[in-house]
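Me: I've got a structure open and would like to learn how to read it feature by feature. Could you walk me through it?

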Amino acid sequence: MDHAHYRDIQGRRDFFRSCAGGIGTIALHGLLSREGRAAQALESLVPHIAPRAKNVIYLFMAGAPSQYDLIAPKPIMTKWHGTPVPEHFMKGLQDQLMKSTAQVFASPRTFQPYGESGMEFSDFLPHTGSIADEICMIHSMHTDVSNHHPAQLLMNCGVPRFGHPAMGSWVSYGLGSECDNLPGFVVLTSDSGKGIDGGSSNWSNGFLPASHRGVTFRSDGEGVLYLDNPKGVNAESQRARIDALGDLNAHHLEQTGDLEIASRIASYEMAFNMQLSVPGLMDFSDESEATKTMYGLDKDTTTPFGTNCLMARRMVERGVRFVQLYHSTWDDHSELNKNLKINCAMTDQPCAALIKDLKQRGLLDETLVIWGGEFGRTPMNEIRRGNTPGQEGRDHHPFAFSLWMAGGGIKPGTVVGATDELGFQITEDPIHVHDLQATILHCLGINHERLTYRHQGRDIRLTDVAGNVVEKVLA
Amino acid sequence: MRKTTGILAFILFLATVQYPLAMADTPSPPLRFNRDILPLLADHCFKCHAADSATRKGGLRLDTEEGARSLLKSGVAAIVPGNRDTSALFQRITATGDDRMPPEETGDELSLEAIERLGAWIDGGATWETHWAYVAPKLPATPQISDAAWVRNPIDAFTLARLEEAGTGPSPETDRRTLLRRVSLDLTGLPPSPEAVEAFVLDNRPDAYDRAVDGLLASPHFGEKWARWWLDLAGYADSDGFLSDFHRPQAWRYRQWVVDALNENMPFDGFSIAQIAGDLVPDGTIKEKMGPGFLRNTLANREGGADLEEYRVMQTTERVISVGTVWLGETLECARCHDHKYDPISQREFYQFYAFFNNADEVNIDAPLPGQREAYEAAWATYVAAREALLEPVATELADLQAQWEEKAQWAADHPGEGNYHWDRAWEVLGLVWGQSYGEGQLEGTYISRKPIAERTVEERIRLQDYFFARGSLVNETRFSELKVRELVAQIDELKKALPPMSRAPTMRASRELRPTTIMHRGDFRVPGEAVDLGTPEILHAFESDGTPDRLDLARWIVDRQNPLTARVTVNRLWQELFGRGIVVTSDDFGVRGARPSHPDLLDWLAVTFVDSGWDIKALLKTMVLSATYRQSSDARPELRQRDPANILLARQNRMRLSAEITRDNALAASGLLHRAIGGPSVRPPQPDSVTKEAFDQTWVAEEGPDRYRRGLYTFIQRTSPFGQSVNFDFPDTNRACTRRERSNTPLQALNLLNDVTFFDAARSLAQETLGQVTLDQRLDQAFLRCVARLPDETERARLHQFHGEEKERLIHQSERVPDIVGNFESLPADSDSAAWVMVCSVILNLDEFNTKE
C-alpha cells in the first residue's frame, strides 16, 4: 500500500469510526454486507486468506491447569519421584521459579487412551476423552513470562503488559460482527469464588475504539452492563422514551447536518434491540432437557461453567464473533490433587458437551474452540510447601505446556509437539504464544502480519513482531 | 420508527460515496522533502534501510543524506542527484521480479504516483531537509489574507490563509448561548448555569466574552477539567495494576497536585521540571518534592516470586517511554530493543536516556495536609518514646534476631537455590510486598535493609522493624513466641492509635548507590551489553550540565527553548482538546512516521508564543478560545463534506461527544446533583457489581451521601476493573500515556445513559429542580436552559408535550410504577404527573446535543 492509499483507507476508517463508531459501525458493516457494499468500505482489512472458521470460543483456563495430571502423561516421572531433578533437564533454563532443589512429583492420576486417535487423558477428564477424535492436542506450547497476569496478557493481547487490544478485540476490529443486537466480543466469567487476576485488562480494547472491547455477560445478573431499565420503566415506556429521543435527535440532525447524530440514533435503536434480544439469549427454555443435561445443568457442580458453555454456543449461533470463557481457579501450588478434582468436575463435562453440541448442529466446522491456560506447571512438587502427602502442588512452568484446539480449520484427532521425559523442555515443534495467535487468526482468514493499527508511531499487531502459522495443526 | 429507518438508509448512502483524499496529502510543486518525500521513504523503505543497523539490508540507509548518496557494493549510489535513471533507488522501485522494491513478499507497494514523485525529486536535485520537528520553531510571519475583518488574533490569519488557499472561507460565529456552553465545557468541564447564560446574552459590552473567559479561567473547576487532560498523559490510577491490583490510597495526592498547579497557572516549564525531577531541586519545598508523583503511575507487581530487577527495569523503562511521549512526542520505545527503524534514535541513545531514570527510587514522603503537621509531630515523639520503652526489655535480643533475619534474607537472595528453601523469597517479598495496599514505594524495604543500621532514620528503623515483626518469624519461630512478639505488636498497634493522621504522597528520590546502565540486548534485562553514560538523543539540541548530570538537568533540557519538540507537542495537545483534532493529528508521534502538521506555521506560532509568554497555559488557552476560528459554528458544511471530511481546514468548529468524565459531570451539574467539593481522596460512585467482580476479589462499596455525586475526576480508578461508565465512554487504558482519546458511539453508551442509576437520579433531580414552574412549557424552558443553554423550539415543545401526555396517561393506569420512577427524591411528589416529568427529563439528558460539545 502506498502512502496516499494508506491515508485514503485510514481516512475511510476514520470516517466509519466517527460516522457510526462502535457497535454501530459493526452493525453498519453488517448491514452493508447484506447490501453487498462492504467491500468498498473495509476491503483492505480482511479476509486475507480463505477463512476456515467464522467464530471463536476460547475456554481460558486461568491460573494454569497442570498438564502432567490432565493431558500430558509422563509415566517415567515415577522413576525420579521424590528426588531432585537431574541437572541436565534444567540446562539453559532461566527462571526465578525453577529451583533445581525441588523434588520430582509423579502424577497421582492414571491415564488411558481414548478414541481412534488414542489420545491420552487422565481419569479426571473422562468427558474430554470422549471428544479425543475431535481435537488437536498441542504439547509444545511455550511462553515468555512466568507470572500469571503478564502471561495472561501475553496470551490474550500479544504483549505481557497492559494497554494492547485482546485477541477478541482484534478479531472484532478486523472482521466486524454479524449481528446487530449483540457485541462482537463477549466475555463470560463463571463465579468460582474470585475473578481472574488481571480482570478486564484481559479483554481490553487497548488503543482500538471502545466498541471492540470485550463485553462481559453474566448469567446471574442483567447480562450486559446497564441492560435493565430503571425500576418503574417498563418496555412500553422505554420504547416511548427512545422514540421521543429519536425524534428530537433527528430534528437536531436536520439543524446541524452532523451525521454523528444519525449514528447516535442508530445506537439507541440497537440498544433497545439488545434489551429485547439478550433476555432471549439468556433464557434456555427453548433448549431440550437432553441438551441441558449434556452440559450438566442438572447438577450444581457443572451448572456455572455449563451455563457459560451453552451460552457460548447460543452466542455463536447468533453471530457473536468471539466468545471467551474464563475458569480461573487452576493455580494449584498446593493440594493439587484435591483441587484438580474439583475444577475438573466443574469443567470437564461442559467443555466436552460444547464440542459435541456444536458438532451435532453443524457449527463445529465454522467455530474454532481453544482450551488452555497461560502457561503450564512444573514436574516437581512446589518447593514452598514441603513434601507432605496430599499437600503437593506444582509451580509455574513457562517453557513447555499443553493445550488443545478443535473445530474450524483444525486437524481433528492429532497430537502436535513433544517434550523431554520430564516435560521440561520441548523436543519437537515448539509453538510460541505468538504462533498460536497467528494460527487462530489464520483460521479466521486473517494474515496476522497485516491486521495492524497505527498507535504511537508503530503499526501494531496482535503477534507483536513474531508469530508463524502452525501448519501441523491445520486440517 | 420510520424516521430512524430512513436515517439508516441515509448513512448507507453516505457510506458508499467515494470521496477524495484528504487534500493535505496531494503534493503540489515544488516538491518538498519533508512534506512529499520523507513520508514515502519512511513508510516504504526505512523498515530495512534506516538507522537500525541490525536489520539494515544491502548496507543502504536512506534516512540520512550521506547514506543515500554513498556508493553501494554494486558501485552505484541509491540516489544520484539530478538523474533518476542512474539512481539505484529508482532502478529498484521500477524493476520487475526479484529486484523490485519494496519486495513483493512484504505486501507493500508504491503507487505509480509515488514512484513518479520520487523520480521527479531526484531529477530536481534530491534536496534533503532535517525532519521538520527536529528543527527548533521560529516565530513565523502572519500570512496575508483578504478578509482581515474576520481575524481576531493571529491564529485566525493562519487558518484563514489556509481556507482561502483552498478557495473557501470560515463558518459564521456560533450563537452566544452555544458559545458560552462550549467554552464553559472546554475550560471547566461544566455547563454554564442558566443565570450565567442569560447574563452573557444580555451583556452588550464589547469585551463580554473576554470577561466570561477570564471568569472561567479563574474558576477552581478549571484545574479539575485540565487535570484530567494531564492525567491521561500521566496514566494516573488508584491501584497497582498487576495481579491482585492493590490499592494506592495515597495516589490522589499527585492528582491534587496537578489540579492545584493548573489552577495556580504554574508555568509549564516549572510544572514539567517538578514532575520529572522535583525531588532534586535544591532546597525544594514539599510541593516540589511531590511532583515526581508523575513517575509513580507505573504499574507494580506485588506477586511473591516476581523478579525484583525485572520489574524495576520494567518500571524504569515505562518512565522513559512516558517522558518521551508526554514531553517529546517521540516513540522512544521503538529504540528499546533495537535502533529506531524510523527516527534517528539509536538503541544506545535509548539507554543513555534510560540512565537518567535508572538511579531514581520509589519513595513516599510525609506530605501533611493543612493542620496535620504540628499535631502529628508532637504525637510522633511521644509514640517513639513509648514504643522504645515497651520494647526495651527485649530490645537487644530483637535487634539481634532482626540482624540475623536481614542477613539470611540477603544471603538467600544472593545464593538462589543453595540454602534452605524457606528463605528463597524473603528478600524479594521484602522488596515487593513492602507497603502493599498503601501504595508505598516498592523496593523501599530492601533499600532500608541495605543501609548500615547507624544510617537509618528513626522512621526507617521503625518501619523495617514493623515489617520484621509481621513477617520475620521464620528466623526463629521459637524465640518469636518466647519473646511474645505477637503480643508486642498488639501493644504497638494500640500506641499507633494515638497518632493523628499524616498524609503521605508518592514521589521519587535519587538512589543510594549509583546503578551503572548498560544497553540491554533486545531489551532483555538479563542480557546486559555495553555500558553507557547519561545522554540525550544527538538529533536534538545539546545537553548541558553544571556538574554531574542528573534527572534535574534532563528536566531542564526538556524545557530548554532550544528543544524543538516540547512546546510544539504541548500546544498541539491543548489545541486538540479544544478543536478535537491536533494540528499534528498524531499527537503521540512527532517523528518521521507521524502526520505532518495541517497548519505548520500556526503550530510554530503557538509554540514560540507559548514559550515567550513564560509557558503560560491559561494565556495560551485564552488566545485559542478568543480566536474567531474557535468561535465558529459547528454546523456541518455539506459542500465540504466530500473534500474535507475530517475538517482539516478548520472551516467550522467540530461537534464532539463529551469525554467519559464530563458526560457524568455535565448530567450531574445540569440536574443540580453535582457535589462540587474540590480535592480529597478518590470516591466510589454506584456501579453494577459485575464490573468489580471482573477483577481479583475486589469490593466496591458505593458512597452514600454527597460523595455519590462527585465529578468523574475523583472516581476511584481500579486498573483491572475500571469504572463501568468510564469504560463505556472511552476512558483510556491507564498503562501508558494516552495522548488522545477515542470518541466512539455505541449501544452500551445508550444503555448507560438510559438506565444507569446515576443518570436516572439526574433525571429525577432535574425534574425536582424544575417542578416548581407552573406550566409544562415553563418547566421545559427551565430544563432546556439548564441542559443546553437555550429554550426549546416549537417542534421540541410539541414532541415533549406529546410524550409527557402519553407517559402520564400510561402511569395513571400503571400507578404502581410511579413510586419507583420518582425514587427517594423528597420534593418529588409520587404522582403520575411528576413521574411523567421525570421521564421527560431523562429524554432531555439523553439528547445528543446535551452529551455533545457543539
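Reply: Let's begin with a strand pair. Strand β2 (residues 111-114) of chain A is joined by four bridges to strand β3 (residues 119-122) of chain A, and the two run antiparallel. This is a predicted model, where local features need pLDDT of at least 70, side-chain atom pairs count only at pLDDT 80 or more, and totals for chains, interfaces and linings use all residues. Residues are numbered from 1 along each chain as its sequence is written, while chains are lettered from A and ligands numbered from 1 in the order in which they are written.

Me: What counts as a strand, and as a pair?

Reply: Strands (E, at least two residues) and helices (H or I, at least four) are DSSP runs, numbered from the N terminus. Two strands pair if DSSP finds at least two bridges between them. Here, Tyr114(A) has Met119(A) of β3(A) as its bridge partner. Four residues lie between β2(A) and β3(A) in this hairpin, and Gly115(A) in the turn has a positive phi of about 65°.

Me: Which strands pair with strand β1 (residues 55-61) of chain A in the parallel sense?

Reply: Strand β8 (residues 367-372) of chain A does, over six bridges, and so does strand β7 (residues 322-327) of chain A, over six bridges.

Me: Is β1(A) largely enclosed or open, and how do I judge that?

Reply: Count neighbours. A residue is buried if 20 or more other C-beta atoms lie within 10 Å of its own, exposed if 12 or fewer, and partly exposed in between, with C-beta atoms placed from the backbone. In β1(A), seven of the seven residues are buried, so the strand is largely enclosed by the rest of the structure. Asn55(A), Ile57(A), Leu59(A) and Met61(A) point one way, Val56(A), Tyr58(A) and Phe60(A) the other, and all are buried. Across the 475 residues of chain A, buried ones make up 61%.

Me: How would I check a helix, say helix α11 (residues 252-263) of chain B?

Reply: Try its length. The expected span is 1.5 Å times one less than the number of residues. For the 12 residues of α11(B) that gives 16 Å, and the end C-alpha atoms are 16 Å apart, which agrees. Then look at burial: 11 of the 12 residues are buried, so α11(B) is largely enclosed by the rest of the structure. The buried ones include Trp252(B), Arg253(B) and Trp257(B).

Me: What covers the buried residues of α11(B)?

Reply: Ask what is in contact, meaning that two residues' C-beta atoms, placed from the backbone, lie within 7 Å. The cover includes α10 (220-234), α12 (268-277) and β2 (504-510) of chain B.

Me: Where is Asp733(B), and what does it touch?

Reply: Asp733(B) sits in the loop between α31 (724-728) and α32 of chain B. Not counting residues up to four places away in sequence, Asp733(B) touches Phe162(A), Gly163(A), Ser204(A) and Gly206(A). Asp733(B) is buried, with 21 other C-beta atoms within 10 Å.

Me: Which residues of α10(A) and α32(B) make the contact between these helices?

Reply: First find the helices: the axes of α10 (residues 259-282) of chain A and α32 (residues 747-755) of chain B come within 8 Å. The contact is made by Ser267(A), Tyr268(A), Met270(A), Ala271(A) and Met274(A) of α10(A) with Pro747(B), Gln749(B), Ala750(B), Leu751(B) and Leu754(B) of α32(B).

How values were computed
Axes fitted to C-alpha atoms, helices over the stretch in contact; angles between N-to-C directions.
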